[in-house]
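Here's a quick briefing to read next to the model. Have the viewer open and follow along.

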Amino acid sequence: MKTLLTPLFAAAPVAALFTLAACGEQEPDVVGGLADDNGDIEAIDPASLPPSETGSNSYRCDDGSVVYVTYFTNDAQVGVRAQQNGPMTILPNAAMAEDNAGVEATEGEDMAEAETETEAPSDSLVRYSGDGQTLVGSGNSITYNGQSCNA
């Protein structure tokens, strides 16, 4: 018994040849080049992480009010709250803020001179200030807005 080839079966190999012939003849057009060539990767300033929380304490002040203080790494800043679950006000370290301002202002000068001109005061108390508030010290005794507060 002999089977007859239908015209559809006869045309299938020819269609496959045309399909394969169209593949790989042209390279795709590249428009605009690479988006990120990483050419200036060394010129980018490294990112620094925000300071992390190192501890917290509550203080009772001379007027009977309570202040909740959260300390952050490297004495960079403190968070102050008037209520335990209230909004936190961040007070930066005053000496560090002055150091950064002095270095930026004298960017073209000798950096060693700028660092010696903006050294922190010789006393060992850390001072934080901002938003009209001032906190001096750490540990069991602080001064907050001019009044003595103890843990």
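The protein's secondary structure amounts to three helices and eight strands, where helices (H or I, at least four residues) and strands (E, at least two) are DSSP runs numbered from the N terminus. Going from the N terminus, the elements read α-β-β-β-β-α-α-β-β-β-β. Keep in mind that this is a predicted model, where local features need pLDDT of at least 70, side-chain atom pairs count only at pLDDT 80 or more, and totals for chains, interfaces and linings use all residues. Residues are numbered from 1 along each chain as its sequence is written, and side-chain values use heavy atoms, with hydrogens and water left out.

**Overall numbers**

- Of the protein's 151 residues, 19% count as buried (under 20% relative accessible area, with exposed over 50% and partly exposed in between; 1.4 Å probe, protein chains only).
- Take the contacts (heavy atoms within 4.5 Å) with a separation of 6 or more: residues 24 or more positions apart account for 35% of them.

**The sheet**

- Eight strands make an open sheet in the order β4-β3-β2-β1-β8-β7-β6-β5, with antiparallel pairing; two strands pair if DSSP finds at least two bridges between them.
- The edges belong to β4 (89-92) and β5 (127-130), each with a single partner strand, so one side of each has no neighbour in the sheet.
- Neighbouring strands in this sheet are turned by 30° against each other on average, direction ignored (axes are lines fitted to C-alpha atoms, for helices over the stretch in contact, and angles run from 0 to 180 degrees between N-to-C directions).
- As background, strands of a sheet pair through backbone hydrogen bonds, either parallel or antiparallel.

- Strand β1 (residues 53-61) runs antiparallel to β2, and seven bridges join them.
- Two spots to check along that pair: glycine 55 sits opposite tyrosine 71 in β2, and arginine 60 has valine 66 in β2 as its bridge partner.
- The β1-β2 hairpin has four residues between the strands, and glycine 64 takes a positive phi near 95° there.
- Strand β2 (residues 66-72) pairs with strand β3 (residues 77-81) in the antiparallel sense over four bridges.
- Five of the seven residues of β2 are buried, so the strand is mostly covered.

- β1 pairs with strand β8 (residues 147-150) in the antiparallel sense over two bridges, and arginine 60 has asparagine 150 as its bridge partner in β8.
- The structure has one disulfide (a pair of cysteine sulfur atoms within 2.5 Å), formed by cysteine 61 and cysteine 149 with their sulfur atoms 1.9 Å apart.
- This pair links distant parts of the chain, with cysteine 61 in strand β1 and cysteine 149 in strand β8, 88 residues apart.
- The torsion about the S-S bond is about 95°, so the disulfide is right-handed.
- Cysteine 61 and cysteine 149 are both buried.

**Glutamine 133**

- Glutamine 133 lies in strand β6 (residues 133-136) and is buried, with a relative accessible area of 17%.
- Leaving out residues up to four places away in sequence, glutamine 133 touches Val80, Thr89, Leu91, Tyr128, Tyr144 and Asn145.
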